[in-house]
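Hi,

Here is the structure I promised to pass on to you. Please have a look at it first, and then read my notes below.

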Amino acid sequence: EDGTKPKVFNYTGPTSLNLDENCRYPEIDFTQYVTVTDNCGLNSVQQHLDVTGSFLTIQITAKDNAGNTNTPFSKIIDLIDITPPVLTCPFSFTVNSDPGSCGANITNIGTAKATDACDANVRIQVDGEKNFYPVGNTTITYTAFDDAGNTATCIQTITVLDWEKPEIVCPAPVSVSCVADIPSVNIAQVT
């Protein structure tokens, strides 16, 4: 009677796996990466997979023709999130400057949104946001960070237009009777 259990050893497979955009690891038959031996012939070799956090634990069990089963062979594989978050910027927009001002006070420029298949709490950093935006273009940069260190960036542009016409104040009229009495023009006095 066969009382010898099969042996599973010599793992030669991957030690880490990249997760896809849906945060899933690839379907792999890990039994192909071990050596399995038995003195009287094998009946089956099976794998059991268990994910805990960013680790995949593989357990491989072999059963021989006599019904003997080995103590499960275990290997831990790192699961690596390589997909950046999906980041959506608020729309770029154009506004007129505030009356009598060379810019605009804007209190709501919108909100960026980010999602990530592996991380429910994506952090968004905002660079360039202000309360007062000067005439011209201002760029707001949004960067999303997931727990694995992957990032995504988008840009919003806020354009402030100077819509007010310039005002000119002329000097008071001057009455002269001779050409020699005409004062010289001081351009610095013209506003």
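This is a predicted model: local features need pLDDT of at least 70, side-chain atom pairs count only at pLDDT 80 or more; totals for chains, interfaces and linings use all residues.

Let me start with Asp-146. This residue sits in the loop that links strand S13 (136-145) to strand S14 (151-161). Asp-146 is buried, yet it has no salt bridge. The nearest side chain of opposite charge belongs to Arg-123, 9.6 Å away, whereas a salt bridge would need a nitrogen–oxygen pair within 4 Å. What the side chain of Asp-146 does have is a polar atom 3.0 Å from the backbone nitrogen of Ala-148. Leaving aside residues up to four places away in sequence, Asp-146 touches Asp-81, Thr-83, Pro-85, Asp-116 and Asp-119.

Now to the strands on either side of that loop. S13 and S14 pair in the antiparallel sense, over 10 bridges, and Ala-144 has Ala-152 in S14 as its bridge partner. Both strands belong to an open sheet of 4 strands with mixed pairing, in the order S8-S14-S13-S11. Strand S8 (93-96) and strand S11 (123-127) are at the edges with a single partner strand each, so one side of each has no neighbour in the sheet. On average, neighbouring strands here are turned by 20° against each other, direction ignored.

Elsewhere, strand S6 (residues 73-81) is joined by 4 bridges to strand S2 (residues 16-19), and these two run parallel; Ser-16 stands opposite Asp-78 in S6. S6 also runs antiparallel to strand S5 (residues 55-64), with 6 bridges between them, and there Thr-57 stands opposite Ile-76.

Best wishes

Conventions
Residues are numbered from 1 along each chain as its sequence is written. Side-chain values use heavy atoms; hydrogens and water are left out. Buried means under 20% relative accessible area, exposed over 50%, partly exposed in between (1.4 Å probe, protein chains only). Lys and Arg count as positive and Asp and Glu as negative; His and the chain ends are not counted. A polar contact is a pair of N or O atoms within 3.5 Å; within protein, one must be able to donate a hydrogen and the other to accept it, and residues adjacent in sequence count only if both atoms are side-chain atoms. Contact means heavy atoms within 4.5 Å. Two strands pair if DSSP finds at least two bridges between them. Axes are lines fitted to C-alpha atoms, for helices over the stretch in contact, and angles run from 0 to 180 degrees between N-to-C directions.
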